[in-house]
Amino acid sequence: MTDRTQQGTVRLTVAQAVVTYLSRQYSVADGHRRRLIPAALGIFGHGNVAGLGQALDQLSAHLPFVQGRNEQALVHIATAYAKATKRHATLAVTASIGPGALNMVTGAGLATVNRLPVLLLPGDTYATRHQGPVLQQLQHPVEADASVNDAFRPVSRFFDRVTRPEQLLTALPAAMRALTDVDTGAVVLSLPQDIQSHAYDYPVEFFAERDWPIRRPAPDADEVAVVARMLGEAEKPLIIAGGGVVYSGATEELEALADAAGIPVMETFAGKGAVQRRAWWQLGGIGLEGTPAVNALAREADFVLTVGSRLTDFATASQSIFQNPDVRFASINVNVHDAGRLGATGIVADARRALAALADAVRANGTTTPATWQEKARTLDEVWREQRAAALDPDILFDFSSLPADSDVVRDTDAVLTQGQLIGLLQEHARSGDTIIAAAGGPPGDLQKVWDATEGRFAHLEFGFSCMGYELPAAIGVRFAEPDPSRRVLSLLGDGTFLMAPTELVTAAQERIPLTIVVPENHGYQVIHRLQMGRSGREFGNEFRYRDGSLEIGSGKPARLEGDYLQVDLVKIAEGLGARALRATTAAEVRAALAGTRGHDGPVVLVVPVIPHADLPGAGVWWDVAPAEVSEQEAVAQLRGEYEEGLATQRWYG
């Protein structure tokens, strides 16, 4: 760094100032101080190489740089790192202008939907306009100042375009406030290519180390008293734990409340693992991919306390799951809008502090649930656990002979295991400290339904955005947050997702990052096939099959994707990208592969063929995905009728 200090200033380029500033920012939570942004990720192009590239090179000792293969995946790495650190830290990601920048938009949407902080530094077109139009510049007919980076605005929590060097004096602190706010998300500082290299005399004190507190808003005593009274009046209460419990570190407080009052606890996708202690009231997932036991209790509940959740349609079965006409809702959330969902009585506060206060009130009031409600929860859960054990047992061969005549379970592949049985093997192998990751398709739903995330077997499920391509880079982000190689970081992702975005395996190999990717090979986008069969009654465009005949576009000939399954060697793909890759077919082979690769110094890919369409037991709830209202296909009309019956169960709660 060239330090030409005059009257307390230092002359730096915009890019050098950004990197220097980021290297000196810290978050503080519960007395623990850590670097808020300890590293940067990126891919260089003409829009950022001479500016941010030069600065990251010059200052690499202060802000390490990780080279990636796909900009969207790099944002996923940063987002997963933020989730794994409970939103106390994140990473910066830079990309060039045009397509490089736009590749990050999906990642920004995922981060913002999930309320996870990530700092994006996309290059932008020239601010001076001496050169225009320039390569990759959007020329809007009526908005001369628009660029493709304006696409970030609706998917970001904070956006600023820095067109003058001195704007950093306000833009960077504003970005840090947004990253450490309780309502965080993607933060975007759009940096025009030329401005990155412009210099300015910045105040020296601007680059002093600064702490940013992660706040814990205290609950209002009156709000706590109202919810405690509602809980005391309830005969059939339950608690829904969301991601806010995890981010707040409120597991012990949640367990104390459930234990003291005898309240069954269910979890959303983001809240998976919010309860770490095994107890009768720890019942697992709720909603579309929840357990039938949980959903049966939800139908009867007369009081529902939600903690740290937005309650998406998956959790509420499109607002059809709570069928007790007298049901009332309360919610603990740092976001006032989320605290009021379903017309809930809200406690707008940090989950840990609010749960502790509510538990104190419950104990003072002597509140406890009726023995009949507790017994019902136990009974339903015992029945489900028997079903779960049977579905996950990998040592019992799948019984094709028991299938009904109209079953579409595929019999003629080399698979002998179901996806549920593969999960059973992963569960058997999992140790305390391990993390399993999933995000899209069948894996997150199946893990939500059957994974035991207690006693430190962590589940990292991204289902707010259900983004294919998150899982593999997320494993890198989680590993950055948990460097102990004895703690396995494992992503479970379908073959469709693997084929879409495998390239960060190269990054994992380059950095020698120990992670495991398990691919259940079922030859298609099979979870959408399942939905399609339930909404139109026939397969179209979801399985990986050769075309039956030749495709002649414009000819009108109906050549369809109805041939044999594609022959794609996923093991060779993974090997070619630098991973240690294995194929395992039987339970014994999977066990040996998992045991033999734990602690491997680099990425491992395990491909396991699974029986297509052999699903776990259903959750027993409805989902608002409408079949066509008119159709020439007879099956669609019947399915439409069944859908409309489900519509009658939807309710408006306020």
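Contact here means heavy atoms within 4.5 Å, and helices (H or I, at least four residues) and strands (E, at least two) are DSSP runs numbered from the N terminus. The model is predicted, so local features need pLDDT of at least 70 and side-chain atom pairs count only at pLDDT 80 or more, whereas totals for chains, interfaces and linings use all residues. Residues are numbered from 1 along each chain as its sequence is written, and side-chain values use heavy atoms, with hydrogens and water left out.

Buried residues (under 20% relative accessible area, 1.4 Å probe, protein chains only) in H14 are Ala 351, Ala 354, Leu 355, Leu 358, Ala 359, Ala 361 and Val 362. They sit on the same side of H14, because their arc, taken from the directions from the helix axis to the C-beta atoms, is only 165 degrees. Their cover includes helices H8 (221–233), H9 (243–248) and H10 (251–261), together with strands S15 (303–307), S16 (328–333) and S17 (345–348). At the N-terminal end, Asp 350 caps H14, with a side-chain oxygen 3.1 Å from the backbone nitrogen of Arg 352. Gly 366, with a positive phi near 70 degrees, follows H14.

Asp 338 belongs to helix H13 (residues 336–339) and counts as buried at 3% relative accessibility. Beyond its neighbours within four places in sequence, Asp 338 is in contact with Arg 115, Ser 309, Arg 310, Ser 331 and Asn 333.

Methods:
Buried < 20%, exposed > 50% of the residue type's maximum accessible area, 1.4 Å probe, protein only. Polar contact = N/O pair within 3.5 Å; in protein donor to acceptor, adjacent residues only side chain to side chain.
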